[in-house]
Every structure is written in structure tokens, then in C-alpha cells.
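Let's take a friendly walk through a protein fold, one piece at a time. Keep the picture open beside the text and look for each part as it comes up.

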Amino acid sequence: MGRVTERRRTLRIRDGAVSSRPDTLVAEEPLEIRLNGRPLAITMRTPGDDFALAAGFLVSEGVIAEKDEVQSIVYCAGATAEGVNTYNVVDVKLAPGVPVPDITLERNVYTTSSCGLCGKASLDAVRTTTRHPVADAPPVRITPELLSALPDRLRASQRVFDRTGGLHAAALFSEEGELLDVREDVGRHNAVDKLVGRALTDGRLPLSRAVLLVSGRASFELAQKAVMAGIPVLAAVSAPSSLAVDLAAETGLTLVGFLRGPSMNVYAGEHRFALEATAGRG
């Protein structure tokens, strides 16, 4: 799909000089996700990779965990009263025999900070729902040197960000530092869902040997999505939230924050780090 960027007229003021010119902006449109024909959720996203976004969202919700649990994903024809396909409504049809969760207007989910759950209830929900527990067989081993190189590799792959300056990004790397996939979106949670959804449709879940890097902070929501996909390492260039740290400790996720050059903070899962020296720890 297109519409990743749009053009808008702007009034530019630079050192007192005034001019008018078009500016390239990142597109933002709503996406309604339906499950077996029934409305499930609406998210604001950058159009593109919508099927992967829907699949990744369902993984993070604990609805699906394997490729063969999805029968089809399609755009809904006649999404409006006039019968127009807006390409903003996606319907996911589950394979026969896959349980359909109870869908109500007050669904008891935990993927957003406004869901009404907090603390121990949220941690238990993720730990007991994931079908891809974070595993160490054999353990993933990473070094500070490897992690320190990843943000620049992510930044170099952000093609739309270079044109707009308005997108978050998420990337998957191998434990050797090879870039496996990168997605951009106005919402960092959507970028992660697109990564996970693509991995699901490619039959690559769980991502038990991958490192997930996000371009902003590490919220509980992002830590939850990593755990649901079986990802052992989550790194962020900014700060984690307290609940994200609690979830990482509860599930065995390695959580790294403030990843900026050779500097970083390891908040949980330090057993996966291969460190040459322990001086200065305390």
C-alpha cells in the first residue's frame, strides 16, 4: 500500500525570511482490525504492512501464536456505507478450530497503558498467556560492543524518517548483529507489531535468537510484545518504564535502556551479557 507520506503546504520562517513551500509528512490513518468479521480494535498507524500489523497485534493479544492459526487476512470491501474500500479496515479470519476470544466493548486486554490493569495483574497476564516463553537453549550471548553498533544500523535503514523526521522504528537483529528486518510507523508499538506479524507469516516465531531494538523508550507494552514473540533481548535508545523492568525480570527478558554509543543501562537479564570485566559494578 502507498500513502506512507503526504505533502502539505507550510509557511517557513528562517532567520526572519518567510517563504511558502510543500513539506513531506508521515501519513497517519486509523486501521480497524476485525476478527472473523467482528470489530476488535482500532489503532492509528502509518499505512503499509497492514496485514503484518494485524497479525502482530493478535500475537501480542495472545489470540494466535503460529502461522497456521490464520486462515486469511484481507482488506474489507465495502468498508463504508457507500461500499468503498478505504484500505483502513482489515479482517483476520482464524483457521478452523482456533478459539475466538470473547469480543466486547470492554475487552480485558493489556496492550495499552489505559487498559485498566496494572502491576502484578499485568505481569501475570503476559506470563501466563504467552505460548513462546523466553528461552535459553542455548543461551543468547551478547556484548556491549555489539549492542552499541545497532542504533546506527537502525538509523541508516530508516528511509521514511529521512524524508519526514516523524517516524518511530523497530528492528530485529541476529545475535551476531545482522539486521534481519526493520519497520517504521507513527507508533512504535505498531512498528513492533509489523515486525512480529511478518515473522509470524514467514513461520519464524518464536524469535528466540533475536534482538529487538526500538527507537524510543521501552514501555510495558513493548516489553510485553517482545515476550509474546519469544524475543530474549529488548534494547531501547531511551528509558524503560518501571513496569517494563518488572515484566522483564518476571519473564527472563533482557532489557537494555539508554543505548547510546558505548553507554547503556541493563535493567534485567544481565546473564546474557558476555562481559570481559566486572570492575565498577555495584
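Start with an open sheet of four strands, which follow the order 4-3-6-5 with mixed pairing. At its edges stand strand 4 (38-45) and strand 5 (70-75); each has a single partner strand, so one side of each is left without a neighbour in the sheet. From one strand to the next, the twist averages 20°. Please keep in mind that this is a predicted model.

Now look at one pair of neighbours in this sheet. Strand 5 and strand 6 (residues 89-94) are joined by five bridges, in the antiparallel sense. To find a spot where you can see this pairing, look for V74, whose bridge partner in strand 6 is D91.

Which strands does helix 1 lie across? Helix 1 (residues 50-60) lies across strand 3 (29-35), strand 4, strand 5 and strand 6. Compared with strand 4, helix 1 runs at about 115°.

## The whole chain

Time to step back for a moment. The chain has seven helices and twelve strands. Its length is 282 residues, and 47% of them count as buried. Among contacts between residues at least 6 apart in sequence, 52% join residues at least 24 apart.

Is strand 7 largely enclosed or left open? Six of its seven residues are buried, so strand 7 is largely enclosed by the rest of the structure.

Strand 7 pairs with strand 8 through six bridges in the antiparallel sense, and H168 stands opposite D185 of strand 8. These two strands form a hairpin with four residues between them, where G177 takes a positive phi near 95°. Strand 7 also pairs with strand 9, again in the antiparallel sense, over five bridges. In that pairing, S174 stands opposite A210.

## Two helices side by side

Finally, find helix 6 (residues 220-228) and helix 7 (residues 242-251), which pack at an angle of about 20° with their axes 8 Å apart. Why does this pair count as roughly parallel? Angles under 35 degrees count as roughly parallel, and the angle here is about 20°, which makes helix 6 roughly parallel to helix 7. Their crossing is right-handed.

Which residues make the contact? Helix 6 contributes F220, A223, Q224 and V227, while helix 7 contributes L243, A244, L247 and T251. Sorted by class, the contact has six nonpolar residues, two polar ones and no charged ones.

Definitions and conventions:
Residues numbered from 1 in each chain as written. Predicted model: local features only at pLDDT ≥ 70, side-chain atom pairs only at ≥ 80, totals over all residues. Heavy atoms only, no water. Axes fitted to C-alpha atoms, helices over the stretch in contact; angles between N-to-C directions. Parallel < 35°, antiparallel > 145°, perpendicular 65-115°, else oblique. Left-handed = near helix turned anticlockwise from the far one by under 90°. Contact = heavy atoms within 4.5 Å. Nonpolar A, V, L, I, M, F, W, Y, C, P; charged D, E, K, R; others polar. Pairing = 2+ DSSP bridges. Buried < 20%, exposed > 50% of the residue type's maximum accessible area, 1.4 Å probe, protein only.
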